[in-house]
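Hi,

Here is the structure I promised to pass on. Have a look first, and my notes follow below.

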Amino acid sequence: MVLCLSRLAGQKDLEFFPTQDTIIPLIRSYLSFPEEGTTVLDPCCADGDAVLQLCPDQFHFGMELNTTRALQAKATNEFIQVLAGPFENSTISNRAFGFIHLNPPYDWVAGGGDRYEEIFLYRASNYLAHGGVLELLVPVSLFQYKGAEVIKHLLSNYQDIRIYKYPEPEYQLFKQIVVFGVKKPSERITATPEWLEEQVALITTGDIPVLAMQDAPIYHVPAINPGMVKVFRCNHYDAVLARSESRTLSILQSQSMPVLKDQLTAPYPLDKASLALLAVGGYVDGKMPGHYLLGQYENREVTSHDIDDDGSEITITQKKSSTIFRVLLPMPGPDGSRILTIV
Ligand SMILES: C[S@@+](CC[C@H](N)C(=O)[O-])C[C@H]1O[C@@H](n2cnc3c(N)ncnc32)[C@H](O)[C@@H]1O
């Protein structure tokens with residue numbers, strides 16, 4: 001069977017070209033994972049099958065634009081979190097992952113100019129910890145369009161870079177390559193256009209080593225924040241996902257006017273900050289019988305110091321927000337006070 005990588009066929013299913021089952025064990029043989037586990041990101045994880053096969057028993061975080069596939073990934077219960085939405089709209093802690101499996105959509109961004117592969121690669125690089133391992137799977141054609149830019153990005157941000165083409169018959173069928181690299185602090189690269197052109201030509205003519213089963217792993221993925229990623233969210237409302245997750249739609253429907261019943265949108269479960277805003281506005285007063293509830297949203301500035309990618313010390317001033325609830329209890333609590341503060 002010849003896979004048709006035609007643009008229209010791919011666009012129809014959001015560029016869903018899953019990592020082939022025959023390729024996964026080969027990629028796997030290049031990698032070792034720490035016993036205590038590491039945080040793993042697949043920013044376009046589909047149903048999760050590829051990343052879960054590549055590195056089982058790790059702390060997986062996924063994102064997927066196609067709702068059906070995102071729900072399938074969630075249903076595996078193997079992910080710490082799966083977000084349904086575009087990776088471009090995500091907010092994720094920098095340097096939070098030990099390993100990234102990146103098999104991005106293969107297409108031009110609407111309006112031309114940029115390729116999704118580039119956008120995903122540049123964005124994903126921010127989320128890999130120093131020493132973390134990138135495994136990137138892209139079509140050779142990316143290098144015909146954007147070869148010099150992609151190579152410059154890889155050299156600036158990664159060390160121990162190895163680029164392999166698929167073995168046959170997969171290479172003839174899919175024309176894909178696999179790039180491995182270890183994240184390093186960003187550095188400026190000076191390379192002549194001629195040298196870059198030569199590197200691009202090696203890839204586009206297939207003059208690179210073939211991905212093959214390794215006797216011993218080459219890349220040792222470090223243990224990074226096992227299970228903990230401080231910020232992992234996406235500002236995208238997905239109605240199907242919200243309906244499957246929301247536990248409040250039926251309550252809203254039972255309380256709303258008949259004329260509005262069918263027009264209600266399922267809300268995602270509220271986070272603490274949104275709940276506080278409702279409390280500050282008085283919208284939850286009386287909804288907790290016997291209690292008076294006050295929500296407060298506090299903003300303050302916090303200064304900290306960090307080491308930048310080039311090794312110099314930087315001062316970071318961040319706006320921190322915290323949410324505080326004060327509840328007036330019907331009876332005094334253990335400390336004798338009737339005001340309970342929940343931070
Ligand atoms: C090439 S497939 C890779 C799937 C899987 N990671 C794998 O390796 O088998 C690309 C996936 O990206 C998803 N996708 C397309 N655009 C996206 C976007 N902007 N943000 C997140 N996922 C996206 C597609 O729905 C598809 O499932």
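A polar backbone atom of cysteine 44 sits 2.8 Å from a nitrogen atom of the ligand, which counts as a polar contact (a pair of N or O atoms within 3.5 Å). Another ligand nitrogen pairing, at 3.1 Å, involves a polar side-chain atom of aspartate 42, while threonine 19 puts a polar side-chain atom 2.6 Å from a ligand oxygen. On its own the ligand has 600 Å² of accessible area (Shrake-Rupley, 1.4 Å probe), and the protein covers 97% of that.

Before you go further: this is a predicted model, with local features needing pLDDT of at least 70 and side-chain atom pairs pLDDT 80 or more, whereas totals for chains, interfaces and linings use all residues. Numbering starts from 1 along each chain as its sequence is written, and side-chain values use heavy atoms, with hydrogens and water left out.

As for the whole chain, 41% of its 343 residues are buried (under 20% relative accessible area, 1.4 Å probe, protein chains only). Its accessible surface is about 18,500 Å², 55% of it from carbon and sulfur atoms. Among contacts (heavy atoms within 4.5 Å) between residues at least 6 apart in sequence, 68% join residues at least 24 apart.

Cheers

Key
A polar contact is a pair of N or O atoms within 3.5 Å; within protein, one must be able to donate a hydrogen and the other to accept it, and residues adjacent in sequence count only if both atoms are side-chain atoms. Buried means under 20% relative accessible area, exposed over 50%, partly exposed in between (1.4 Å probe, protein chains only).
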